[in-house]
Amino acid sequence: MTITHYSFGKIVVNGNEYTADLIVFPDSVFTSWWRKQGHSLCMEDLAEVFKREIDILIVGTGAYEKMVVPESLIDELRSKGIETFVSDTEKAISLFNQFVQEGKKVAGAFHLTC
């Protein structure tokens, strides 16, 4: 999977345009991603990630970084062997594409708006 475009509220993955938050894996896109607490990420929100063998999770927190990723969540992911990177969505997409090109087992959870 390659992400070729991102702008506020829109992302293009392998030529397909999406306008809602999603999780991108190296081989598929999970389009039904919705967070329990809206702008605060919790473990329950990542259930789809835990169904796969993922070593790296990239979290895009939105164009203006409004989505919160608690440090305790990052610690819990680390304890499960998942390295986590958190940044605004544009930077997160760049990092995701880099890891995919390197053949890493990576997932990208992207908040597309604020």
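Helices (H or I, at least four residues) and strands (E, at least two) are DSSP runs, numbered from the N terminus. The expected span of a helix is 1.5 Å times one less than its number of residues.

This model is predicted: local features need pLDDT of at least 70, side-chain atom pairs count only at pLDDT 80 or more, and totals for chains, interfaces and linings use all residues. Residues are numbered from 1 along each chain as its sequence is written, and side-chain values use heavy atoms, leaving out hydrogens and water.

Start with helix α3, residues 89-101. At 1.5 Å a residue, its 13 residues should span 18 Å, and the end C-alpha atoms are 18 Å apart, which agrees. Thr89, Ala92, Ile93, Phe96, Asn97, Phe99 and Val100 of α3 are buried (under 20% relative accessible area, with exposed over 50% and partly exposed in between; 1.4 Å probe, protein chains only). These residues cover an arc of only 165 degrees around the axis, so they lie on the same side of α3. The arc is taken from the directions from the helix axis to the C-beta atoms. On the other side, Glu90, Lys91 and Gln101 are exposed.

What do the buried residues of α3 pack against? Their partners include β1 (3-7), β2 (10-13) and β8 (106-110); contact means heavy atoms within 4.5 Å.

Now take the strands. Two strands pair if DSSP finds at least two bridges between them. β1 and β2 run antiparallel, joined by four bridges. Ile3 stands opposite Val13 in β2. Two residues lie between these strands in their hairpin, where Gly9 has a positive phi near 80 degrees.
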